[in-house]
Amino acid sequence: ATIEAASKMNLPQFVRTLVVPHSIPKTKPKACNYGLAHARGEYLVIYDAEDIPDPMQLKKAYLGFGKADKNVICLQARLNYYNPHQNLLTRFFTAEYSLWFDITLPGLVSINTALPLGGTSNHFKTKSLRSVEGWDPFNVTEDADLGVRLFKKGYKTAMIDSVTLEEANSKVGNWFRQRSRWIKGYMQTYLVHTRGGGSSNKSQARHSLIFQLVIGGKIAFILINPILWFATFSYFALYAYVGPAIEALYPAIVFYMAIFSLVFGNFLFLYYYMVGLAKKGQWNLIKFVFLVPIYWLMISVSGFIALYQLIFKPHYWEKTVHGLHLPKKEEIVADAVIEVEREAGIFFPKTIIEKLRYQLSKKYFVGAAFVLSAGIGSFFNFLYNAYLGRVLNLSDFALISLISGLYSFVLLI
């Protein structure tokens, strides 16, 4: 389908369409290496099909290479999304990208360390990219791996003040496939670049520590986080059963450190999300940051999926479906017909108008029914909790509330 769509496009003469021959593994970096082998220009850039780059980005990259040091062979543009308001998931995704590309990566650039690249809008010097043998075709997060390899080879990566907008994944199942692949690639990158052991050089040891924190620490937190959450909930909800065992296992100093991390660590993390959104001027998304712990739990689920695939399907590339932000064809037709009728005074048969208006009004009817049912459900939930609060002690009530909350969350997923 992709080849057919490309063949129907009216492309300029200087654009060539390359079809990658059948080979294993079937990954994006394998296709990128095939493109690198056919590249003719001095510079090279990677874009995804759904991207909307800054129209001046290529010019900015060219001027950036001219002003940067000779060992700067890669320029990374900032990434963000053009559909942040589609649903709650896209809002979380946008907040995460604003933190990563506007706070974290510029911070790594400022200390001249390895920069895990984004999957798109990477501008390279073609000759230098060939000297490091391009991308690892077996790594499913090839961009992060390449950024680390460039640093190890003595090259530098910088960022340019240009933004490429992508499509934020808006479907939970699709998001899990994409995120588990990313995390699996980070695991591969970590294993590949730590298999040789640490360096005795003080400068390299410092960068190795940063790599451990940025890549290794990220993976560790993703996998450990739900375990710690479960232990915390169990301590309070099931104290009579597991409380003494947990207290015996951890000394008091560990509890104080955990409370400090729980309160101040999470506060700072949420605050950094808000700073990233503020830098992008996305003020209307800041209030959703308070729900980000739900997103963290989803990332942890993706992490365990990634760990499973790393063992059993290490090079399997889970494809991401795009175009989910686009309206359905029926909605486009209905909106277009009514707009023409309103502006041009063209009247369509009554049966068509009624059918189209029903299609449009059906959305609002479903929304109103949802709000009403949610209100009724909340009222009965209040009565249920009020009854339990009278007949149960605090420990049993907390346990039932915990189980009920987890069950509701599972239904949402």
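This is a predicted model: local features need pLDDT of at least 70, side-chain atom pairs count only at pLDDT 80 or more; totals for chains, interfaces and linings use all residues.
Visitor: Which way do the side chains of strand β4 point, and are they buried or exposed?
Guide: Asn122 and Phe124 point one way from β4 (residues 122-125), while His123 and Lys125 point the other way, and all are buried. Buried means under 20% relative accessible area, exposed means over 50%, and partly exposed is in between, with a 1.4 Å probe and protein chains only. Strands here are DSSP runs of E with at least two residues, helices are runs of H or I with at least four, and both are numbered from the N terminus.

Visitor: OK, back to β4. How many bridges join β1 to it?
Guide: Four, and β1 (residues 43-46) runs antiparallel to β4. Two strands pair if DSSP finds at least two bridges between them. In this pairing, Ile46 stands opposite Asn122, and Leu44 stands opposite Phe124.

Visitor: And how many join β3 to β4?
Guide: Three bridges join β3 (residues 72-81) to β4, again antiparallel. Leu75 is the residue opposite His123 there.

Visitor: What's the strand order in the sheet?
Guide: Five strands form an open sheet in the order β1-β4-β3-β5-β2, with mixed pairing. The edge strands are β1 and β2 (52-53), each pairing on one side only.

Visitor: New topic: how many disulfides are there?
Guide: Zero, in a search of the whole structure, where a disulfide is a pair of cysteine sulfur atoms within 2.5 Å.

Visitor: Are Cys32 and Cys74 buried or exposed?
Guide: Cys32 counts as buried because its relative accessibility is 13%. Cys74 is buried too, at 0%.

Visitor: Which peptide bond is cis?
Guide: The one from Ile24 to Pro25, with omega near 0°. Pro25 is in the loop between α1 (2-7) and α2 (28-38).

Visitor: What about the phi of Asn112?
Guide: Asn112 isn't a glycine, yet its phi is positive, about 55°. Asn112 sits in the loop between α4 (88-110) and β4, and is partly exposed at 45% relative accessible area.

Visitor: And Glu133, what's its phi?
Guide: Glu133 has a positive phi near 65°. Its place is the loop between α5 (126-131) and α6 (142-152), and Glu133 counts as exposed because its relative accessible area is 67%.

How values were computed: Residues are numbered from 1 along each chain as its sequence is written. Side-chain values use heavy atoms; hydrogens and water are left out.
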